[in-house]
Amino acid sequence: MSKKVGQLSLSKFADLYADKLAGADFFVTNEKQLLSLSEYPYRSDGYIVGICTRGSAQVEVNLQIYEAKPGAMLLATPFHVLRIYNSSDDFLCRFIVFSKAFLTENSINSHFLESFSYFKSASIPVIYLADADAKMMLDIYLLIQQKLEREEHLYRIEISRSILTTLLYEIQSVYEQQHSIIKSKQSRKQELNVLFQELVFHHYKEHRNVQYYADALFVSPKHLTETIKEVTGRTAGEWIDDAVILEAKVLLRNHEISIARVAENIHFPDQSSFGKYFKKHTGIPPSDYRMLSAY
């Protein structure tokens, strides 16, 4: 796969990894290595439920870094920018990828996916399963795969969709238990950081100044900057800039979009101001990054 792909469509994802397809917007895999996806940030068109089965790696989701190890589960949405790197030679995982349309087809509730806490923007995208839970989740993966292999079965898609829904509820149970423990241990400063991060990844395209986020959180810019620096080691302004640059890198790797269009998508007044901003924070112009990431 070319490394120039920053927006990973379901069809491209399926071409790389799918073992059993249930149409263009739902597939499952055997144990796989993630190949060239590990080197550059990308965003998937679909929802990803992955589980590490062997080895280790670093998983970066919207600039937050997590450890992937056996039993670690990745829960990613089309709103997450992913990067997987520093993987061990034996790093393997299984995953299911699906679109919102696939899961909600024939459902009276078009917002069904939003009912799961882990698919919301402020969720924790990596959870760590106990051995018994990991085995159960993998058994469900295998059951879906077995159903899809019965190509002569008239209702294999409907049955697979039903089993996928079961899997999502099982994950919700584990997620709620872990999230309640994490939340109970958070300090007020850590809570402010979580709220800030959620706002940044909702509004970084339109708002690149700390004042906006401070006003939204009812604190002073000084207090916000000092708190975020204390909790994360980086200032509020640095988080905002990093989110903008991350989005720019994803867009620049799509060669079908001009650099002027990239600047427009991230709400810069023109290509020149975007170029100066990008070079200030990366050390190279956008055109050079586009060229380097294509090889």
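Thr77 counts as buried, at 3% relative accessibility; here buried means under 20% relative accessible area, exposed means over 50%, and partly exposed lies in between, with a 1.4 Å probe and protein chains only. Thr77 sits in the loop between β8 (72-76) and β9. Helices (H or I, at least four residues) and strands (E, at least two) are DSSP runs, numbered from the N terminus. Setting aside neighbours within four places in sequence, Thr77 is in contact with Ser44, Gly46, Tyr47 and Phe119, where contact means heavy atoms within 4.5 Å.

A word on the ground rules: this is a predicted model, so local features need pLDDT of at least 70 and side-chain atom pairs count only at pLDDT 80 or more, while totals for chains, interfaces and linings use all residues. Residues are numbered from 1 along each chain as its sequence is written, and side-chain values use heavy atoms, with hydrogens and water left out.

Taken as a whole, the chain has 11 helices and 11 strands. Of its 295 residues, 46% count as buried. Looking at contacts between residues at least 6 apart in sequence, 71% join residues at least 24 apart. The chain exposes about 14500 Å², with carbon and sulfur atoms supplying 51% of that area; accessible areas come from the Shrake-Rupley method with a 1.4 Å probe, and for residues only the protein chains shown count as cover.

Three strands form an open sheet in the order β7-β6-β9, with antiparallel pairing; two strands pair if DSSP finds at least two bridges between them. The edge strands are β7 and β9, each of which pairs on one side only. Neighbouring strands of this sheet are turned by 25° against each other on average, direction ignored. For such angles, axes are lines fitted to C-alpha atoms (for helices, over the stretch in contact), and angles run from 0 to 180 degrees between N-to-C directions.

What about strand β6 (residues 57-61): how many of its five residues are buried? Four of them are, so β6 is largely enclosed by the rest of the structure. Five bridges join β6 to strand β7 (residues 64-68), and the two run antiparallel. Along this pairing, Gln58 stands opposite Glu67 in β7, and Glu60 has Ile65 as its bridge partner in β7. With strand β9 (residues 82-85), β6 pairs in the antiparallel sense over four bridges. There, Arg83 is the β9 bridge partner of Glu60. The hairpin of β6 and β7 has two residues between the strands, and Asn62 in this hairpin takes a positive phi near 50°.

Most residues other than glycine have a negative phi. Two further residues with a positive phi turn up in loops between helices. One is Phe218, with phi near 60° although the residue is not a glycine. Phe218 lies in the loop between α6 and α7 and is exposed, with a relative accessible area of 77%. The other is His267, also not a glycine, with a positive phi of about 65°. His267 is found in the loop between α9 (259-265) and α10 (271-282), and is partly exposed at a relative accessible area of 46%.

The axes of helix α6 (residues 210-217) and helix α7 (residues 221-232) come within 8 Å and cross at roughly 95°. The two are therefore roughly perpendicular to each other, a label for angles of 65 to 115 degrees, with those under 35 counted as roughly parallel, those over 145 as roughly antiparallel and the rest as oblique. Val210, Gln211, Tyr213, Ala214 and Leu217 of α6 make the contact with Pro221, Leu224 and Thr225 of α7.

Helix α8 (residues 236-252) has 17 residues and reaches 24 Å from its first C-alpha to its last, close to the 24 Å expected at 1.5 Å a residue. The expected span is 1.5 Å times one less than the number of residues in the helix. As for cover, α8 is mostly covered, with 13 of its 17 residues buried.

Finally, Leu138 has its place in helix α3 (residues 131-149) and counts as partly exposed, at 23% relative accessibility. Beyond neighbours within four places in sequence, Leu138 is in contact with Ile51, Thr53 and Arg94. Leu138 and Ile51 are 87 residues apart along the chain, yet their C-alpha atoms are separated by 8.1 Å.
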